[in-house]
Amino acid sequence: MAALINVPAKARRGDIIEIRTLTSHIMETGFRHTADGALVPRDIITSFTCRYNGAEIFRADLFPAIAANPYLSFFTVAKESGKFEFAWIGDNGYTSTASAPITVE
Amino acid sequence: MSFWRAIAVGALVAAAPALLAGEIPSDARRSGYAFMGPDTRAMQDDDTANPGMLFVLDGEALWTKKTGSAEKACADCHGDARSSMKGVAARYPAFDKALARPFTLDQRINLCRANHQRAAPLPYESRDLLALSAFVAHQSRGVAITAGDDPELKPFVAQGRDLFMQREGQLNLACTNCHDDNFDKRLAGAPITQAQPTGYPLYRLEWQTLGSLERRLRSCMSGVRAQAYDYGAPELVALELYLMSRARGLPMETPAVRP
Amino acid sequence: MPTTRRQFLSLAGGVTIAGTIPIVTVRTLQATPAMLNTAIRNIVGEAQIRTGKVKLDIPPLVENGNTVPMTVSVASPMTANDYVKSIHVFNEKNPQPNIGNFYLTASSGRAQVSTRVRLADTQKVVAVARLSDDTFWQVTAEIVVTLAACTEEMN
């Protein structure tokens, strides 16, 4: 399953940069029923974290009210070259990771 | 004097293309994009915010993945899709000589799977089929639609047009009643568009996923309380073909985002 | 292949949709203002919640409640001594009152988060920010959600 990460490839030290992530996930709410009345079990991403050279810079708890294929945008200060690591954790043992490099001058 | 004027008028009528009642002239054709709000437009415009691009990425991976008993990938025959598939989706549905009927891009992908990859067909609206057709159609983004130009398609375009004009369902509405006669007005809270299929498969906020033009047509049919045709039915293919030929000249937008 | 209109009507009680699209319905099940209040108190505790500093950007008239773009921002210098620790977003009428919790740091640079949310109905959305001095600030927005004209999930 794909994830789309948007991090500037280069930034100046001290710049405030936007990080955007979009990942494939159905985000089944657990509140829907099939035509014959059976409950469709919940299947959502419950947690997202972003680390910058190992240190957590952003975390989110997600609930069924987050739309399918979750999109998140947030900010950080560019401090040093290295990489951002992203992790999504969810129901039924779901885990997914991605990373993106950055050069800070 | 009036004699000459009559001849001039007569010549004009004869020279003009057969403009059918209710048909939208080419310079007045507008994509569904033009009917959306700024937030939904922004979602389509930015590839890293457009959820349809997740499917295009999946399709890109499938393009080079060997499959079926022939152990062949799409790329083994078609090479780099960026050049080999550019403009292809803008010509679909296309005429198949062997089958003597038009077929959609989804059907083309499954024909390739059967004939060349020796793989099982992908079900309609399955993630893999949508991903592959989104990836292929994405290569035509910005290319003007020319579907229906093949003279062999003429009777099928006409069939699609008849279906478009035909009232159906408990609400007794034809496609044309909304999409030729009443676009720019609203149905409940939603704007009525011209039904120009420029961005399929597209990400519909309502669906929260990518879907085909056939899925959209089936929703419309449910909307007018009609029995929807089955996926792949000749009637749906004909409608798709007519809609694409009706959108002639508009640029492809796949993967579009729509409310 | 296509069945007649009459055959279809007899089917209408249990609409069938081919392919892999699940047929699902949402039963009326709503969070209440009391649940919204409880959810906020679970985060805030007994602390006072002040109005201000927080801004909630949601289109006033939503095109489709299933995917609504939303941005929350907080007026903060985002320095080591004065920053936003977290942002919490709630709704009034979805089945559950929580939308998301977002945890920032002093080096976030800007206290702003965007996502896309589901709003089952016209309702109130509340965003609460916790600052580094453990004060809480909130904003409330009333969002009008219109329903799509032609949906597959017809009954």
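This is a predicted model: local features need pLDDT of at least 70, side-chain atom pairs count only at pLDDT 80 or more; totals for chains, interfaces and linings use all residues.
In what order do the strands of the open sheet of 3 strands in chain B stand? The order is 6-5-7, and the pairing within this sheet of chain B is mixed.

**Where chain C meets chain A**

- On the chain C side, 34 residues are in contact with chain A, and on the chain A side 26 residues take part.
- The elements of chain C that give two or more residues to this side are strand 1 (24–26), strand 7 (98–103) and strand 8 (112–117).
- Sorted by class, the residues of chain C on the side that touches chain A come to 13 nonpolar, 17 polar and 4 charged.

**Where chain A meets chain B**

- Here 10 residues of chain A are in contact with 9 residues of chain B.
- Strand 1 (3–6) and strand 3 (16–23) of chain A each supply at least two residues of the side that touches chain B.
- That side of chain A is made up of 6 nonpolar, 3 polar and 1 charged residues.

**Helix 3 of chain B**

- Helix 3 of chain B (residues 52–63) has 12 residues, which at 1.5 Å a residue should span 16 Å, and this agrees with the 17 Å that separates its end C-alpha atoms.
- The buried residues of this helix are G52(B), M53(B), L54(B), F55(B), V56(B), D58(B), G59(B) and L62(B).
- Within chain B, these buried residues of helix 3 pack against helix 7, strand 5 (202–204), strand 6 (209–211) and strand 7 (257–258), and in chain A they pack against strand 1 and strand 3.

**Helices 6 and 7 of chain B**

- Helix 6 (residues 105–117) and helix 7 (residues 127–138) of chain B pack at an angle of about 110 degrees, and their axes are 10 Å apart.
- Because angles of 65 to 115 degrees count as roughly perpendicular, helix 6 of chain B is described as roughly perpendicular to helix 7 of chain B.
- Helix 6 of chain B makes the contact through L105(B), D106(B) and I109(B), while helix 7 of chain B contributes L129(B), L132(B), S133(B), V136(B) and A137(B).
- The residues of this contact between helix 6 and helix 7 of chain B divide into 6 nonpolar, 1 polar and 1 charged.

**The open sheet of chain B**

- In the order 6-5-7, strand 6 and strand 7 of chain B stand at the edges, and each has a single partner strand, so one side of each is left without a neighbour in the sheet.
- Strand 5 and strand 6 of chain B run antiparallel and are joined by 3 bridges.
- In this pair, the bridge partner of R204(B) is T209(B) in strand 6 of chain B.

**Make-up of chain C**

- Chain C has 2 helices and 10 strands, and its elements run α-β-α-β-β-β-β-β-β-β-β-β from the N terminus on.
- Of the 155 residues in chain C, 39% are buried.
- Among the contacts in chain C with a separation of 6 or more, 68% are between residues 24 or more positions apart.

**Backbone features in loops**

- The peptide bond from Y200(B) to P201(B) is cis, with omega near -10 degrees, and P201(B) is found in the loop between strand 4 (190–191) and strand 5 of chain B.
- A cis peptide bond also runs from T254(B) to P255(B), with omega near -5 degrees, and P255(B) has its place in the loop between helix 11 (234–246) and strand 7 of chain B.
- N53(A), although not a glycine, has a positive phi of about 45 degrees, and this residue lies in the loop between strand 5 (45–52) and strand 6 (55–62) of chain A.
- With 13 other C-beta atoms within 10 Å, N53(A) is partly exposed.
- D134(C), which is not a glycine either, has a positive phi of about 65 degrees, and its place is in the loop between strand 9 (123–131) and strand 10 (136–145) of chain C.
- D134(C) has 10 C-beta neighbours inside 10 Å and therefore counts as exposed.

Key. Residues are numbered from 1 along each chain as its sequence is written. Chains are lettered from A and ligands numbered from 1 in the order in which they are written. Two residues are in contact if their C-beta atoms, placed from the backbone, lie within 7 Å. Helices (H or I, at least four residues) and strands (E, at least two) are DSSP runs, numbered from the N terminus. Ala, Val, Leu, Ile, Met, Phe, Trp, Tyr, Cys and Pro count as nonpolar, Asp, Glu, Lys and Arg as charged, and the others, Gly among them, as polar. Axes are lines fitted to C-alpha atoms, for helices over the stretch in contact, and angles run from 0 to 180 degrees between N-to-C directions. Angles under 35 degrees count as roughly parallel, over 145 as roughly antiparallel, 65 to 115 as roughly perpendicular and the rest as oblique. The expected span of a helix is 1.5 Å times one less than its number of residues. A residue is buried if 20 or more other C-beta atoms lie within 10 Å of its own, exposed if 12 or fewer, and partly exposed in between; C-beta atoms are placed from the backbone. Two strands pair if DSSP finds at least two bridges between them.
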